[in-house]
Amino acid sequence: MGIAMDNKLIGCWVSAELSFCVYNFLHDGKGFYSFFDAKKEFTYTDNGDSVTIHFSGDLIPSTFKYSICENILSIEDSFGNLVRYKRNKE
């Protein structure tokens, strides 16, 4: 139980540049990525400085480096570019 609670990734993250791109990391190791009205579900493992995300339908998971500073998540996209997401306080 304790391991999930200190997971800084958990929450809703909205892209700083493209507000229709949203990561949602849930407590149970699942989540989804929203892009406009499309939603792609995934399971994830937080590795501390990277996150391994396995999108449903993909054959193999992908690992993305990330860092969190205050309420900003900087995470690699599939091309290795850092993209900034802001924590959505709901």
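Two strands count as paired if DSSP finds at least two bridges between them. Strands (E, at least two residues) are DSSP runs, numbered from the N terminus.

The model on display is predicted: local features need pLDDT of at least 70, side-chain atom pairs count only at pLDDT 80 or more, and totals for chains, interfaces and linings use all residues. Residues are numbered from 1 along each chain as its sequence is written, and side-chain values use heavy atoms, with hydrogens and water left out.

Please begin by selecting residues 11-15, strand β1, together with residues 82-87, strand β8. These strands run antiparallel and are joined by three bridges. Within this pair, Val14 has Lys86 of β8 as its bridge partner.

What do the eight strands form? They make a closed barrel with antiparallel pairing, in the order β1-β2-β3-β4-β5-β6-β7-β8. From one strand to the next, the twist averages 35°, taken between axes that are lines fitted to C-alpha atoms, with angles from 0 to 180 degrees between N-to-C directions.

Finally, select the cysteines. The structure contains zero disulfides, a disulfide being a pair of cysteine sulfur atoms within 2.5 Å. For Cys12, the nearest cysteine sulfur, that of Cys21, is 12 Å away. Cys69 is exposed (over 50%), at 55%.

Definitions and conventions
Helices (H or I, at least four residues) and strands (E, at least two) are DSSP runs, numbered from the N terminus. Buried means under 20% relative accessible area, exposed over 50%, partly exposed in between (1.4 Å probe, protein chains only).
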